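Take a look at the chain below.

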Amino acid sequence: MHVEVVATLVQGLAAISEGEPMDMGVAVDLVMGIMDMVEDLEVATSVAVLVTEEEEEDTVEEDLDMATRVGAMEVVMTTMEEAIMEVETTMILETTTSSHPIMVQ
């Protein structure tokens, strides 16, 4: 359909440039075809916008999921580091108190 409209438009413009009048029926068909093309273009543009918005929403959701996972990992790592520090502190205290017996006088 679009190819036919463009072909008719080219033929009509060529005829007009040579000084020939365009047939009224051809002109009406051409205008109707162009209007159909504009509608198709508007629909295609709307679909493209919706797809783009949907992709952006998916990207935002993926980013939030990743941030949540990274945040959760940071909490786990911090908790593990704190636990390791406690164990190290306990081990140091046990080592220092066991190697140096307290003498009571």
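Helix 1 gives the most to the nonpolar patch, contributing 3 residues. Keep in mind that this is a predicted model.

**The nonpolar patch**
- Leu 9, Leu 13, Ile 16, Ile 34 and Val 38 make this nonpolar surface patch of about 390 Å².
- Two elements give two or more residues to the patch: helix 1 (2-17) and helix 2.
- Leu 13, one of the patch residues, has its place in helix 1.

**The negative patch**
- A second topic is charge: Glu 53, Glu 54, Glu 55, Glu 56, Glu 57, Asp 58, Glu 61, Glu 62, Asp 63 and Asp 65 form a negative surface patch.
- Asp 65 sits in helix 2, which covers residues 24-99.
- Is Asp 65 buried, partly exposed or exposed? Its relative accessible area is 42%, so Asp 65 counts as partly exposed. The partly exposed class runs between the buried cut-off of 20% and the exposed cut-off of 50%.

**The whole chain**
- The protein chain has 2 helices and 0 strands.
- It holds 105 residues, and buried residues make up 6% of them.
- The accessible surface of the protein chain comes to about 9100 Å².
- Carbon and sulfur atoms account for 67% of that surface.

Note on methods. Residues numbered from 1 in each chain as written. Predicted model: local features only at pLDDT ≥ 70, side-chain atom pairs only at ≥ 80, totals over all residues. Heavy atoms only, no water. Patch = residues over 30% accessible without salt bridge, like charges linked within 9 Å, V, L, I, M, F, W, Y side chains within 5 Å. Areas by Shrake-Rupley, 256 points an atom, 1.4 Å probe, with all protein chains shown as cover. Salt bridge = Lys/Arg side-chain N within 4 Å of Asp/Glu carboxyl O. Lys, Arg positive; Asp, Glu negative; His and termini not counted. Charge placed at Lys NZ, Arg CZ, Asp CG, Glu CD. Helix = DSSP H or I, 4+ residues; strand = E, 2+ residues; numbered from the N terminus. Buried < 20%, exposed > 50% of the residue type's maximum accessible area, 1.4 Å probe, protein only.
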